[in-house]
Amino acid sequence: MKRRGGLVLAFAVMMAAALASTAGAGSSAVTRTQAVNCKSALKLALVTPLTGGAGFLGNEQLSWAKYAVKTLAPKYGLKITLVTGDTPVEQGPAPARTLAQKYVADKTVVAVIGPSTSGAVAASSQVYRDAGLAHISESATRTSLTKGPALEATSAFFRVVPGDYIQGPTDANFMIKKGAKNVVLFDFQEPYSQGLADAAQLVLK
């Protein structure tokens, strides 16, 4: 249910973000957002792993995105087309950067849902900001995307889930509350899992 809520919430706020120019964006970005007409056909891009080790996550998010388009778009009188971009975590940041270039070049894309992984956000957020294209993630939680001295995401990035700095301690305190005395942490050695494991480890120690 949490993933469902995040995806639907991301969709619900997407149009508001698309209609507002990105903070600090240049004149070309403002021109792009001002050209959006809610009565015309609008295209949203979903950027997520659809194949590879995290494919289960991306396909679940795709299902809920389709559900949101089917149920919410008619409610608000919108004509929405959903396009998808695959970012397998095993391939690193390259697919996310390539897709970002593709979507900012397509003037019919008004906003992006995702990227869903933290590494993909870090790799592509600047491209979206430079084009004035908002991107809202339903699952990218790395702390340094939005918090800390060296932010990896830009002002074009939004997320509808708490960061690792909230999730990690919450998970750790749950383990402690349940009486765990010894904990072994496994992570996938990519930005999402490393950040979450590190945040939990700080509390567990």
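Helices (H or I, at least four residues) and strands (E, at least two) are DSSP runs, numbered from the N terminus. The views below show a predicted model, in which local features need pLDDT of at least 70, side-chain atom pairs count only at pLDDT 80 or more, and totals for chains, interfaces and linings use all residues. Residues are numbered from 1 along each chain as its sequence is written, and side-chain values use heavy atoms, with hydrogens and water left out.

**View A. Five strands line up as an open sheet in the order S2-S1-S3-S4-S5.**
The pairing in this sheet is parallel, where two strands pair if DSSP finds at least two bridges between them. S2 and S5 form the edges, each pairing on one side only. On average, neighbouring strands are turned by 25° against each other, direction ignored; axes are lines fitted to C-alpha atoms, for helices over the stretch in contact, and angles run from 0 to 180 degrees between N-to-C directions.

Across from Lys 43 you will find Thr 81 of S2.

**View D. Twelve residues make up the largest nonpolar core.**
Among them are Ala 45, Leu 99, Tyr 103, Val 112 and Tyr 128. S1, H4 (94–105), strand S3 (109–113) and H5 (118–130) each give two or more residues to this core, and H4 gives the most, with four. Such a core is a set of buried Ala, Val, Leu, Ile, Met, Phe, Trp, Tyr and Cys residues joined through side-chain atoms within 4.5 Å; buried means under 20% relative accessible area, exposed over 50%, partly exposed in between (1.4 Å probe, protein chains only). Leaving aside residues up to four places away in sequence, Val 127 touches Ala 100, Gln 101 and Val 104, with contact meaning heavy atoms within 4.5 Å. A second, separate core has nine residues, including Val 36, Leu 44, Leu 78 and Ala 111.

**View E. Two salt bridges are counted.**
Side chains of opposite charge can pair when their charged atoms come close. The rule asks for a side-chain nitrogen of Lys or Arg within 4 Å of a carboxyl oxygen of Asp or Glu. Asp 106 pairs with Lys 43, their closest N and O atoms being 3.1 Å apart. This pair links distant parts of the chain, 63 residues apart: the loop between H4 and S3 holds Asp 106, and S1 holds Lys 43. Asp 106 counts as partly exposed because its relative accessibility is 24%, and Lys 43 is partly exposed too, at 22%.

**View F. Glu 152 and Arg 142 meet in a salt bridge, 3.0 Å from N to O.**
Both lie in the loop between S4 (135–137) and S5 (157–159), so the pair ties together parts that are 10 residues apart in sequence. Glu 152 is partly exposed at 30% relative accessibility, and Arg 142 is partly exposed at 23%.
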